[in-house]
Amino acid sequence: MSLIIYGTSRSRALRVLWMATELGLEFDHEPLDWRDCRQNAAYRLVNPAGTIPSISDDGFVLAESLAINLYLAQKSGMLWPGNAKDQALTLQWTLWVATSLETAYTQWASHTYWLPEAARDAALAASAAAQMQGPLDHLERALARSEWLVGTAFSAADLNVASVISVVRRFEREKRPNVSNWLDRCCTRPAFQQAAKRP
Ligand SMILES: N[C@@H](CCC(=O)N[C@@H](CS)C(=O)NCC(=O)O)C(=O)O
């Protein structure tokens with residue numbers, strides 16, 4: 001198999017690098033930068049949208065970080081549940097994090113950590129933090145019932161949700177111990193650490 005992963009680990013491509021590393025896949029990594037990937041004519045021939053990440057798997061091109069992760073897990077048969085109900089729950093959690101949390105989380109993390117200090121807007125961080133309360137409380141309750149989101153072990157559902165909100169480990173830690181401890185369990189995994197060290 002010839003798998004290429006496009007995108008620097010300092011972008012949503014980290015999610016895919018993490019998954020591929022968990023699965024023990026062999027791959028080539030093209031660490032394209034999010035600041036100029038859209039202007040890269042050669043890359044637009046691979047992914048016409050010009051965004052990162054994308055993959056080429058023996059010429060099959062796929063974009064959208066979370067969809068790529070579901071594809072890789074399903075194809076390898078690892079971190080992917082063997083029954084229809086748990087597969088549906090994996091899709092449920094993946095869609096949930098993308099639609100209920102990612103926008104507010106990105107705004108909060110940008111204006112708290114990611115942007116240079118001079119560009120951060122405390123009011124935007126505060127309004128995003130307010131929007132995150134409900135979804136994070138929902139996640140806290142789910143993780144009070146079970147150590148992992150689907151089934152009894154770390155799986156694609158955990159990886160997709162954790163990879164979207166990893167910096168939440170530093171957000172109101174005392175208020176949501178189950179979320180914080182679960183994120184610690186996910187993000188201290190060797191595959192996450194290894195993927196994060198890539199360019
Ligand atoms: N929903 C997409 C978002 C892709 C995306 O917007 N990626 C950013 C980098 S994290 C990017 O390519 N930015 C450059 C641009 O939009 O020009 C995914 O999860 O893969």
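How do the residues of the shell around the ligand divide into nonpolar, polar and charged? They split into 4 nonpolar, 3 polar and 4 charged (Ala, Val, Leu, Ile, Met, Phe, Trp, Tyr, Cys and Pro count as nonpolar, Asp, Glu, Lys and Arg as charged, and the others, Gly among them, as polar). Keep in mind that this is a predicted model, where local features need pLDDT of at least 70, side-chain atom pairs count only at pLDDT 80 or more, and totals for chains, interfaces and linings use all residues. Residues are numbered from 1 along each chain as its sequence is written, and side-chain values use heavy atoms, with hydrogens and water left out.

Select that shell: S11, R12, R15, W34, C37, R38, T51, I52, P53, E64 and S65, each with a heavy atom within 4 Å of the ligand.

Next, polar contacts (N or O pairs within 3.5 Å). Pick R38: a side-chain N or O atom is 2.6 Å from a ligand oxygen. At I52, a backbone N or O atom lies 2.7 Å from a ligand nitrogen. On E64, a polar side-chain atom sits 2.8 Å from a nitrogen of the ligand.

The ligand takes up the space of the largest pocket (more than half of its atoms lie within 2 Å of the grid points). This pocket holds about 1100 Å³ of space, a volume filled by probe spheres set on the points. Of its 32 lining residues, R10, S11, R12, R15 and W114 are closest to the centre.

Finally, colour α4: this helix gives the most to the lining, with 6 residues.

Key. A polar contact is a pair of N or O atoms within 3.5 Å; within protein, one must be able to donate a hydrogen and the other to accept it, and residues adjacent in sequence count only if both atoms are side-chain atoms. On a 1 Å grid over the protein atoms alone, a cavity is a set of points where a 1.4 Å probe fits but cannot get out, and a pocket is an open set with protein on both sides within 12 Å along at least five of seven lines; lining residues have an atom within 4 Å of a point. Helices (H or I, at least four residues) and strands (E, at least two) are DSSP runs, numbered from the N terminus.
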